[in-house]
2 protein chains.
Amino acid sequence: MSGRRRSFWAWGYEDKLPDDEERQELADRIEGMLGFPERPIMEYPTLDDIELPDPRIEVPDELAAFATTDRRTRASHTYGKGYRDLVRGFHGDFSAAPDIVATPRNEADVEAVIEWATEQTVAVVPFGGGTSVVAGIQCDGDGYAGVISLDMGEMDAVLEVDEHSRSARIQAGATGPEIQEQLADHDLQLRHYPQSYEFSTFGGWVATRAGGHFATRYTHIDDFIESVRAVTPAGALETRRLPASGAGPDPNRFLLGSEGAFGVITDGWTRVQPRPPHRARATMHFDDYWDAVEATKDIVQARLYPANCRLLDANEAMLNELAFDGSHLLVLGFESTDHPVGDDLDRAMEIARKHGGSCPDGPTVEDRRTGGTDGDRGDSAEGSWRDSFFEAPYMFNALVSMGVLVDTFETAVTWEQFPDLHEALQENVVGAMQDECGAGFLSCRFTHVYGDGPAPYYTLLAPADVGEELDQWRTIKQAASDTLMEHGATITHHHAVGRVHREHYHEEAPDAYLDALRSMKRTLDPDEIMNPGALL
Amino acid sequence: MSGRRRSFWAWGYEDKLPDDEERQELADRIEGMLGFPERPIMEYPTLDDIELPDPRIEVPDELAAFATTDRRTRASHTYGKGYRDLVRGFHGDFSAAPDIVATPRNEADVEAVIEWATEQTVAVVPFGGGTSVVAGIQCDGDGYAGVISLDMGEMDAVLEVDEHSRSARIQAGATGPEIQEQLADHDLQLRHYPQSYEFSTFGGWVATRAGGHFATRYTHIDDFIESVRAVTPAGALETRRLPASGAGPDPNRFLLGSEGAFGVITDGWTRVQPRPPHRARATMHFDDYWDAVEATKDIVQARLYPANCRLLDANEAMLNELAFDGSHLLVLGFESTDHPVGDDLDRAMEIARKHGGSCPDGPTVEDRRTGGTDGDRGDSAEGSWRDSFFEAPYMFNALVSMGVLVDTFETAVTWEQFPDLHEALQENVVGAMQDECGAGFLSCRFTHVYGDGPAPYYTLLAPADVGEELDQWRTIKQAASDTLMEHGATITHHHAVGRVHREHYHEEAPDAYLDALRSMKRTLDPDEIMNPGALL
């Protein structure tokens with residue numbers, strides 16, 4: 001897609017890593033805004049600095065055409081992009097590197113990898129965009145002869161488009177922009193925008209049940225999927241392409257969330273749509289957080305289906321430089337391919353006003369068929385929010401290099417249980433940061449909302465002790481995850497389980513169900529070569 | 001709920017079985033409308049007439065408080081309510097009767113049944129409303145010491161209501177009206193209206209992935225469920241109650257569609273909502289069927305989310321006495337708990353008009369908060385449609401007693417594939433009826449519609465040879481099911497698999513997936529006592 005080189009340790013393209021000047025500005029901002037002690041600005045690592053073990057196995061002849069043990073390639077397939085990953089990469093610890101990276105060109109190549117790995121007892125780790133934040137792609141290979149990373153990036157085509165039914169068949173390795181570009185020929189879009197959109201892949205989205213950028217309705221990849229094709233050690237598996245079915249437990253749902261533990265997804269049919277020209281948006285300001293929560297609940301329970309319904313608490317609004325006066329912001333957006341949505345926005349704003357919301361910047365209503373903007377004064381929050389949403393991971397790179405502990409965790413819980421959960425998290429997570437780091441900052445936004453509850457997403461920042469970051473992180477993360485479990489929330493709404501959430505996932509899921517999943521795995525992956533340690 | 005007695009062989013209450021006069025009218029109508037040869041009007045069976053084998057096993061002491069071998073009870077737990085069931089029941093063949101019927105009062109009773117059945121190698125058949133049309137509850141018990149029907153009807157309570165999150169915890173045996181009545185205290189409704197609503201149960205809906213009466217959006221029980229509790233031979237299993245989660249393959253989806261093969265569902269949390277006062281509806285008439293299909297597709301792809309979007313072909317319109325001029329009808333309805341929906345209806349009608357639709361009766365827009373009807377002339381199609389929808393199964397009883405072969409089958413398929421499928425069904429199914437019965441009538445309506453395809457529902461009528469009905473039905477059903485498989489459609493959109501669809505389900509589902517389901521079953525039900533023969 002691009003000639004630009006991705007960083008071997010950090011999020012994104014090398015040439016977009018914040019430079020020293022940008023980092024100094026960020027340091028000043030963090031210190032000023034959050035009151036953290038002065039942060040160091042450390043050198044980024046180079047490929048020569050890092051510790052990378054020699055491969056335990058050699059590329060066999062039958063895979064030589066598309067597999068390598070190249071140093072940079074192995075390094076950049078070692079970790080995902082969570083805080084723990086960035087810290088280890090930044091400090092040059094690539095001890096968890098895969099031995100071989102294969103980049104299959106087609107399904108026969110995938111089958112060749114699985115066949116060889118079965119014979120040699122090598123662990124196979126499916127790799128999409130490498131953007132996991134839960135160690136979904138990091139496998140130490142204990143008990144195996146080695147680890148092969150199966151990078152699906154060459155299988156990146158939109159294979160078929162059914163314009164009549166608004167569906168497309170997409171290969172697993174296609175990234176967000178690659179899909180966008182290929183569908184543009186048909187004037188169609190997938191409109192699935194996880195924060196990792198630039199690099200993450202269709203197959204990765206299916207394997208991890210990715211959540212998109214929209215707040216309601218069509219945002220989870222689960223809801224887009226018509227069929228999935230996967231290669232398992234027990235053979236290939238393709239579900240029938242259907243708009244819906246009631247025949248037995250939904251086979252697509254067994255692959256959605258399977259995290260490479262049963263096999264590797266090679267392609268799938270998904271629903272697509274035209275670009276929606278009708279849009280309307282507004283940002284409501286609230287003095288009281290719980291009023292804003294009630295307003296959000298009432299809007300979603302009114303079934304207005306906003307595309308955006310993102311409640312930012314005051315900390316989150318400040319962090320995103322959208323408000324500095326302690327206001328909580330509810331960013332509302334509506335869109336339609338077919339009809340104006342101004343009335344929907346009006347009704348949502350009316351509900352918000354009932355709960356004390358105000359809209360100092362006024363709403364914006366657009367009809368982009370004609371290119372014109374029909375509306376009151378522009379509202380910048382939605383647009384600048386979107387920009388900072390996709391740029392945020394680059395900031396995380398810089399923060400890691402400045403001794404700032406930065407992480408996010410997310411969940412979903414009923415409206416009834418949310419207040420207790422939220423207060424317990426404030427107490428336990430901020431408490432853990434203070435204990436570990438002497439200070440800590442926690443902000444919350446709702447990334448998705450449902451009639452029965454929100455999906456709150458928390459960002460945490462603390463001044464880390466360089467060299468101690470991972471221990472400090474572990475304690476804070478444990479406090480967060482334990483609190484989620486105690487308050488009836490899920491360990492993850494859209495970040496997946498991987499290895500980081502496995503312990504708490506096993507607490508959340510019923511034992512008999514986990515046993516049933518293990519028996520499925522034994523059937524599909526009898527030698528347990530598929531992503532061992534993830535999920536199960 | 002009601003002191004009225006349900007028929008031991010037919011759909012519904014005994015006192016609602018059509019009498020001789022009603023049957024004569026029906027016969028005249030069928031003969032006149034469809035040109036069938038004169039139909040016999042045969043006596044309904046009485047309990048004394050039927051052949052019911054003696055129970056192979058006795059009620060053990062530990063189950064005596066809630067289990068019976070009573071003749072009427074066993075007879076009425078023998079079959080579901082499909083054509084094949086009604087024919088066998090009508091002719092007095094109850095050879096497939098369960099030996100014992102247990103009616104557990106609580107989960108301990110359920111566990112006692114499973115424990116005893118495991119010891120005695122007795123097959124356990126979970127029973128909700130007994131309304132299966134796919135032989136989901138009919139088990140001959142070959143290879144078992146006997147069969148126990150586990151009727152969940154006594155466990156019929158709404159256990160908890162969370163008004164804030166709009167959710168309720170409901171026991172498996174609660175029927176549609178029982179749920180409605182209990183939720184009314186909270187001004188809430190489930191709003192899940194399968195045709196079997198009057199008798200079918202919450203647990204049955206979950207086990208069979210029931211589809212409700214609405215055409216889009218919240219209509220499948222799958223989309224209502226927050227959590228499920230089930231008792232399996234390997235122990236009880238309860239999923240965490242959540243608005244959403246991305247942690248591994250969705251555990252609820254393993255129980256949704258499990259058809260009693262893994263265990264018996266005892267209760268679950270489900271989303272509920274207030275009664276929607278805002279409504280709007282209209283019936284569009286089309287001269288050309290394919291224009292009507294295009295209009296329906298465009299309305300659903302516009303994401304207007306009609307509650308009703310039911311396209312009746314001319315045969316279906318005639319059968320339901322809504323139009324006799326060869327018009328195809330698109331019955332449109334919108335509803336909201338929060339805001340007027342007249343604009344949505346207007347837009348849908350505008351799309352329909354573009355494709356040649358007209359609306360001779362005009363739209364109706366209601367705001368039932370005030371009790372008033374704001375609108376143009378009344379449109380009777382929607383209301384009379386609903387009445388005949390729920391009364392249709394009583395007509396089926398009568399038709400069976402008059403030698404009319406009557407059945408329905410349903411599917412889902414992409415818009416792209418629908419025309420070929422529809423024409424092939426006309427040819428193959430009408431052809432099979434003509435070959436077998438000398439005449440045949442096939443009508444089609446869309447029960448549900450999706451952006452990527454419709455869920456067409458076919459009703460077939462043919463003059464059967466009394467005594468030969470089951471052979472004739474088998475040939476016709478085989479032609480229908482084979483045609484679905486050949487044209488990329490699903491064997492069932494909401495009627496489930498049971499035993500009738502098992503062969504074609506195994507053709508539809510990938511082999512490796514079926515193997516994986518079998519391994520799950522071995523884990524949860526190691527002695528294979530749970531509903532043997534259903535699904536797997």
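These notebook entries record what I looked up in the structure, entry by entry.

**Entry 1. Conventions**

I worked on a predicted model, in which local features need pLDDT of at least 70, side-chain atom pairs count only at pLDDT 80 or more, and totals for chains, interfaces and linings use all residues. Residues are numbered from 1 along each chain as its sequence is written, while chains are lettered from A and ligands numbered from 1 in the order in which they are written.

**Entry 2. The four-stranded sheet of chain A**

I looked up the strand order and found an open sheet of 4 strands, β1-β2-β4-β3 (chain A), with mixed pairing. Strands here are DSSP runs of E with at least two residues, helices are runs of H or I with at least four residues, and both are numbered from the N terminus. Two strands pair if DSSP finds at least two bridges between them. The edge strands are β1 (67-68) and β3 of chain A, each of which pairs on one side only.

I then followed the partners of β4(A). Strand β2 (residues 100-102) of chain A runs parallel to β4(A) and is joined to it by 3 bridges. In this pairing A:Val101 stands opposite A:Ser149, and A:Ala102 has A:Leu150 as its bridge partner. Strand β3 (residues 122-127) of chain A is also parallel to β4(A), with 6 bridges between them. Here I noted A:Ala123, whose bridge partner in β4(A) is A:Val147.

Buried denotes 20 or more other C-beta atoms within 10 Å of the residue's own, exposed 12 or fewer, and partly exposed the range in between, with C-beta atoms placed from the backbone.

**Entry 3. The nonpolar core**

Which residues touch the most other members of the largest nonpolar core? They are A:Val124 and B:Val124, in a core of 315 residues. Such a core is a set of buried Ala, Val, Leu, Ile, Met, Phe, Trp, Tyr and Cys residues joined through C-beta atoms within 7 Å. I listed what A:Val124 touches, leaving out residues up to four places away in sequence: A:Val113, A:Ile114, A:Ala117, A:Ile148, A:Leu150, A:Ile529, A:Met530 and A:Asn531. A:Leu150, on that list, is the residue noted above as the bridge partner of A:Ala102.

**Entry 4. Domains of chain A**

The domain assignment, which is automatic or from a database, divides chain A into domain 1 (17-41 + 276-500), domain 2 (42-152) and domain 3 (158-271). The C-alpha centres of domains 2 and 3 of chain A lie 24 Å apart. I found 13 residues of domain 2 of chain A in contact with 17 residues of domain 3 of chain A; contact requires C-beta atoms, placed from the backbone, within 7 Å. On the domain 2 side, α4 (107-120) and β3 of chain A each supply at least two residues. The largest share of that side, 5 residues, comes from α4(A). By class, this side has 6 nonpolar, 5 polar and 2 charged residues. Nonpolar covers Ala, Val, Leu, Ile, Met, Phe, Trp, Tyr, Cys and Pro, charged covers Asp, Glu, Lys and Arg, and polar covers the others, Gly among them.

**Entry 5. Chains A and B**

I superposed chain B on chain A by a rotation of 180° with 0.0 Å of shift along its axis (RMSD 0.0 Å). That is the relation of a two-fold axis. The same surface serves both copies, as 100% of the contact residues of chain B recur in chain A.

Between the chains, 76 residues of chain B are in contact with 76 residues of chain A. Elements giving two or more residues to the chain B side include β16 (441-450), β17 (453-463) and α16 (511-524) of chain B. The largest share, 10 residues, comes from α16(B). By class, the chain B side has 28 nonpolar, 29 polar and 19 charged residues.

**Entry 6. Two positive phi angles**

A:Arg166 has a positive phi of about 50° although it is not a glycine. A:Arg166 lies in the loop between β5 (158-162) and β6 (167-171) of chain A, and counts as buried with 24 C-beta neighbours inside 10 Å.

B:Glu321, also not a glycine, has a positive phi of about 55°. B:Glu321 lies in the loop between α10 (314-319) and β12 (328-336) of chain B, and is exposed, with 11 other C-beta atoms within 10 Å.

Notes
Two residues are in contact if their C-beta atoms, placed from the backbone, lie within 7 Å. Copies are superposed by least squares on the C-alpha atoms of residues with pLDDT of at least 70 in both.
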